[in-house]
Amino acid sequence: QEYSCDKALDMFERLNIIGFDVRDFYIKKVQTELSSLEVDDKESLLNRSLALYDDESLLAEKSSLLWQYVDLTRYNDALRIGDSLRNVLPSVDFDICFVLIELSKSAESGKEKLSYLDNAESKWSKLKLNIKGRYGKAQLRKILNSASFACADVFESEKNIDEAVSVVSRI
């Protein structure tokens, strides 16, 4: 008899509680199911699964969700995923830095752009060279500088020359 994913996972979870080792079966079922889900449903399933099993393949899947949210320009969702992975995947800080830069690009005001860039700058300064996300530290620096120039342009268009000069002088 074919069971739905939820029913199968419920069964595996009950078996786990009473002491059966169903980890491999559980993770295989989750991985099979992920390919057919939309991004929000993937996130729910991964959160459920990672609450039970701390598995590298599931963590990698969750990390890839961050980039799926970026592709959908859902940057706040991408940040939420990144923040949830910071303690287990150090490389995610590179990804969070990139997402903050992207958020700065979509911000309307110079002040809002600068807030995102300050946060990205703070994260960038703490990145370790021996860990690499999708972008390396030097590449992120170039992206951050470019976004900072764009922020300075917005301040200039807002007639806030002092702030524009301040942003450029930090580059």
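## Tour of ring pairs and salt bridges

The structure holds four aromatic pairs; rings of Phe, Tyr and Trp (its six-membered ring) pair if their centres lie within 6.5 Å, with planes under 30 degrees apart counted as stacked, over 60 as edge-to-face and the rest as tilted. This is a predicted model, in which local features need pLDDT of at least 70, side-chain atom pairs count only at pLDDT 80 or more, and totals for chains, interfaces and linings use all residues. Residues are numbered from 1 along each chain as its sequence is written, and side-chain values use heavy atoms, with hydrogens and water left out.

**Aromatic pairs**

Select F12 and F25. Their rings are stacked, at 6.4 Å centre to centre and 15° between the planes. F12 sits in helix α1 (residues 5-17) and F25 in helix α2 (residues 23-34), so this pair ties together parts 13 residues apart in sequence. Helices here (H or I, at least four residues) are DSSP runs, numbered from the N terminus. F12 is buried at 17% relative accessible area, whereas F25 is exposed at 55%; buried means under 20%, exposed over 50% and partly exposed in between (1.4 Å probe, protein chains only).

Next, select W67 and F98. The ring centres of W67 and F98 are 5.3 Å apart and the planes are at 45°, so the pair is tilted. W67 belongs to helix α4 (residues 56-71) and F98 to helix α6 (residues 92-106), 31 residues apart. W67 is buried, with 8% relative accessibility, and F98 is buried with a relative accessible area of 8%.

**Salt bridges**

Twelve salt bridges are found in a search of the whole structure, each being a side-chain nitrogen of Lys or Arg within 4 Å of a carboxyl oxygen of Asp or Glu.

Select D6 and R48, where the closest N and O atoms are 3.0 Å apart. D6 is in helix α1 and R48 in helix α3 (residues 39-52), so the bridge joins parts 42 residues apart in sequence. D6 is partly exposed at 47%, and R48 is partly exposed at 25%.

Move to R80 and E43, with closest N and O atoms 2.1 Å apart. R80 lies in helix α5 (residues 75-85) and E43 in helix α3, 37 residues apart. R80 is partly exposed at 37%, while E43 is buried at 10%.

Finish at K105 and E102, a salt bridge with its closest N and O atoms 3.0 Å apart. K105 and E102 are three residues apart in helix α6, separated by about one helical turn.

How values were computed
Helix = DSSP H or I, 4+ residues; strand = E, 2+ residues; numbered from the N terminus.
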